[in-house]
Amino acid sequence: MAHEIEQFTDGTAAFASANTSAWHKLGTVTDGAMTAEEAMRIASLSGWNVRLLPLTATEITADGATPLEVPQHFATARTHPKTGRTQTLGVVGSDYHPVQNEEHAEFLNLLADESGAHFETAGSLKDGHQVFLTMKMPQSLTIGGNDDVDLYIAAFNSHDGSSAFRVVVTPIRVVCANTQRAAIAGARSSYVVRHTAGAKARIAQARSALGLTARYAEEFEKAAQRMIEAEMTLSELKSVVDELWPVEDNDSPRKKTNQRQRWGAISNLFEHADTQAGIRGTRWAGYNALTEYANHVAPARGKSDDEKAAARAERVISGAANDLMEKAFALTTV
């Protein structure tokens, strides 16, 4: 993946960011915080009118072309934000109901009104197949007196049937921008809304579920503080790495080589990385070394350095390493 931010023929891109430009240097950077309406307009997310269209197939024989109805299936389509033409996005079943980008933003607006959060980014991926909006909470967490962690609420939606409407509470470490999803006991960090007839009602339910955001932040801060006060040796970290990426005696030489290279990278982050300053030698440092490796250092597909960097960025956007990081948290927390 290059970056998959939707780009238009007029040279613009479907991406908006408050104050800070993104690694891909696309879209519009605003001065100051954005409202939901501004984020939608600037990122070209307004007025898509995502809808379902009857789906047909065409059989071509010696006698000519015969159109055939495809029962119980529909094409999702939008009005293209630049051309105004109808664009198909995916194929879905009869129980699929679109969640409009406006509903997506309206839901986050409710959270912003209650929490004081502001809109941070908005964008369209894969030519309109997926969209995202994120908000930054007004107060950051401080771990160990010097490790600042910002709390974000991110909402993802797909218009091609590939995934549900998903809301995630994510603490992000300022100095290295690691996505740090953690399975905190008693505090939910995500909520999923299916694209079914009750989707709108469940978006309202998500608002209630995200009332746990404050509890999540509180519990995360407590857990991180315990971790920063607990020492971690290199051998203890090695045991965690071996459990996260197990290698057996009869595994291939290539897998064993990958294991050695992985451990070399993680141990170097743990012992020498600037991102560990002030927390070095702690279980919190061990967890951060694991998440930094998973999101930003682990080998990625791509021919050029830019393509590899983009693939790593996609891990953060898509949450591809979430399960690994939650397991890492469980193995390093105290």
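**Sheet, helix pair and cores**

In strand β4, the bridge partner of E59 is T66. This is a predicted model, in which local features need pLDDT of at least 70, side-chain atom pairs count only at pLDDT 80 or more, and totals for chains, interfaces and linings use all residues. Residues are numbered from 1 along each chain as its sequence is written, and side-chain values use heavy atoms, without hydrogens and water.

Strands here are DSSP runs of E with at least two residues, and helices are runs of H or I with at least four, numbered from the N terminus. β3 and β4 (residues 64–79) pair in the antiparallel sense over ten bridges; pairing requires at least two DSSP bridges between two strands. The open sheet has three strands in the order β3-β4-β5, with antiparallel pairing. Because β3 (51–61) and β5 (86–93) each have a single partner strand, one side of each is left without a neighbour in the sheet.

Helix α5 (residues 234–244) and helix α7 (residues 283–297) form a contact in which E236, L237, V240, V241 and L244 of α5 meet R283, G286 and L290 of α7; contact means heavy atoms within 4.5 Å.

The largest nonpolar core has 65 residues, of which L108, L133, W284 and L290 touch the most other members. Such a core is a set of buried Ala, Val, Leu, Ile, Met, Phe, Trp, Tyr and Cys residues joined through side-chain atoms within 4.5 Å, where buried means under 20% relative accessible area (1.4 Å probe, protein chains only). Helix α4 (residues 213–228) gives the most to this core, with seven residues. A second, separate core of nine residues includes I5, F15, L26 and V168.

Terms used
Buried < 20%, exposed > 50% of the residue type's maximum accessible area, 1.4 Å probe, protein only.
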